[in-house]
Amino acid sequence: MDMKRINSGKLRAVGYDSRQRVLRVEFSDGSAIEHLGVGDEVWRRISSSSAAWSYYWDNVEEEF
């Protein structure tokens with residue numbers, strides 16, 4: 001999975017596997033988590049957001 005480097009809050013990189021619908025999020029402390037069942041629209045929004053940490057917290061963290 002290709003990761004897109006970002007610098008937003010505690011996020012450092014995000015990646016997405018559209019076939020398996022998996023969003024991988026890497027944090028500034030070096031930890032990472034994979035969210036299952038994530039749609040393309042969520043990936044599009046988090047990867048292009050200027051406030052990716054807020055988007056993640058509000059729309060991904062507890063939803064998936």
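Visitor: How many salt bridges does a search of the whole structure find?
Guide: A salt bridge here is a side-chain nitrogen of Lys or Arg within 4 Å of a carboxyl oxygen of Asp or Glu. Keep in mind that this is a predicted model, where local features need pLDDT of at least 70, side-chain atom pairs count only at pLDDT 80 or more, and totals for chains, interfaces and linings use all residues. Side-chain values use heavy atoms, with hydrogens and water left out, and residues are numbered from 1 along each chain as its sequence is written. Searching the whole structure on that basis, the count of salt bridges is five.

Visitor: Which residue meets Glu26 in a salt bridge, and which strand is that partner in?
Guide: Strands (E, at least two residues) and helices (H or I, at least four) are DSSP runs, numbered from the N terminus. The side chain of Glu26 pairs with that of Arg5, N to O at 3.5 Å. Glu26 sits in strand E3 (residues 22–27) and Arg5 in strand E1 (residues 3–8), so this bridge ties together parts that are 21 residues apart in sequence. The partner is Arg5, in strand E1.

Visitor: Is Arg5 buried or exposed?
Guide: Buried means under 20% relative accessible area, exposed means over 50%, and partly exposed is in between (1.4 Å probe, protein chains only). Arg5 has 61% relative accessibility, so it counts as exposed.

Visitor: What links Glu34 to Arg24, and which residues make up the network?
Guide: Glu34 and Arg24 form a salt bridge, with the closest N and O atoms 3.5 Å apart. Glu34 is in strand E4 (residues 32–36) and Arg24 in strand E3, 10 residues apart, so the pair links distant parts of the chain. Glu34 is partly exposed at 43% relative accessibility, and Arg24 is partly exposed at 26%. The network of salt bridges is made up of Arg5, Arg24, Glu26 and Glu34.

Visitor: How many residues apart in helix H1 are Arg45 and Glu41?
Guide: Their side chains meet in a salt bridge, N to O at 2.8 Å. Arg45 is partly exposed, with a relative accessible area of 42%, and Glu41 is partly exposed too, at 37%. In H1 (residues 40–48) they are separated by about one helical turn, because their spacing is four residues.

Visitor: Which residues of H1 are buried, and what do they pack against?
Guide: The buried ones are Val42, Ile46 and Ser47. Counting contact as heavy atoms within 4.5 Å, the buried residues of H1 pack against E1, strand E2 (11–17), E3 and helix H2 (52–59).
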